[in-house]
Amino acid sequence: MPLLADNDAAVLRQHLQPITASVDLLLFTQAFGGSESGPIAKQVLDEIASLNDKVHVVEKNFVLDTDDRTRYGVEHAPCIVILRNGEDTRMRFLGAPMGYEFVPLVESVLLAGTGDVDLTQASIDTLARMTAPTAIKVFSTPN
Amino acid sequence: MKMAFSNPHITATAVEAQEFMDLSRRYRVTGVPKTIINDTVEILGGLPEDDFVAQAFPDLTPTA
């Protein structure tokens with residue numbers, strides 16, 4: 001049974017239409033002994049990808065794909081890593097992106113696919129002074 | 001997420017707090033949204049963009 005109702009899928013398809021770049025959604029899951037949310041995350045990503053030809057889901061094995069885990073710094077599963085034209089966007093999602101996480105995921109896919117960042121010029125100027133690696137974690141709950 | 005996309009030094013991770021209880025305990029998450037920057041700066045709740053940038057990156061923000 002799909003997670004998205006037909007009318008929601010239609011709205012989302014329209015929303016994702018401006019995408020011009022290839023977007024890969026790398027999904028790291030652990031089949032044995034892993035979280036039950038892995039299959040849910042897969043279904044969420046599959047439904048998003050079904051709405052735009054430029055969006056693709058690439059499954060990665062959290063245990064076996066150690067090179068990719070190292071490359072993208074993946075320490076937990078399920079984890080979604082978003083690529084734009086094969087390049088890391090440094091946007092990650094831990095856990096199944098349901099509830100309040102769903103909209104940020106969709107907006108991140110759109111951002112990766114369009115490259116349109118709507119930060120203020122002041123923010124862009126401030127961030128331009130950054131020279132060190134910076135990790136931002138945002139905790140939220142599905143409801 | 002926008003900040004990570006626009007700056008190669010930033011990695012942004014959205015964490016589902018209920019599923020990753022070990023991380024929630026480590027970062028003392030008692031309410032959401034809670035933002036942690038470099039394991040040191042903590043911001044509880046949502047903020048307007050300019051306020052967020054000022055609190056998250058005080059060393060980069062010009063003082064008036």
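I take contact to mean heavy atoms within 4.5 Å. This is a predicted model, where local features need pLDDT of at least 70, side-chain atom pairs count only at pLDDT 80 or more, and totals for chains, interfaces and linings use all residues. Residues are numbered from 1 along each chain as its sequence is written, chains are lettered from A in the order written, and side-chain values use heavy atoms, without hydrogens and water.

**Chain A against chain B**

I looked up the contacts first. In chain A, 41 residues touch 40 residues of chain B. The two chains bury about 4000 Å² between them, 61% of it on carbon and sulfur atoms; buried area is the accessible area (1.4 Å probe) lost on being put together, summed over both parts. A:R90, A:I136 and A:F139 supply 22% of the area that chain A buries here, more than any other three residues.

I then checked charges. There are two salt bridges between the chains (Lys or Arg side-chain nitrogen within 4 Å of an Asp or Glu carboxyl oxygen). I found B:D39 and A:K137 joined in a salt bridge at 3.3 Å, N to O.

Next came the strands (DSSP E runs of at least two residues, numbered from the N terminus). β5(A) runs parallel to β1 (residues 10–16) of chain B, with seven bridges joining them; pairing takes at least two DSSP bridges. A:V138 stands opposite B:A14 in β1(B).

**A:T114**

Is A:T114 buried or exposed? I note A:T114 as buried, because its relative accessibility is 16% and the cut-off is under 20% (1.4 Å probe, protein chains only). Beyond neighbours within four places in sequence, A:T114 contacts A:P18, A:I19 and A:R84.

Methods
Buried < 20%, exposed > 50% of the residue type's maximum accessible area, 1.4 Å probe, protein only. Helix = DSSP H or I, 4+ residues; strand = E, 2+ residues; numbered from the N terminus.
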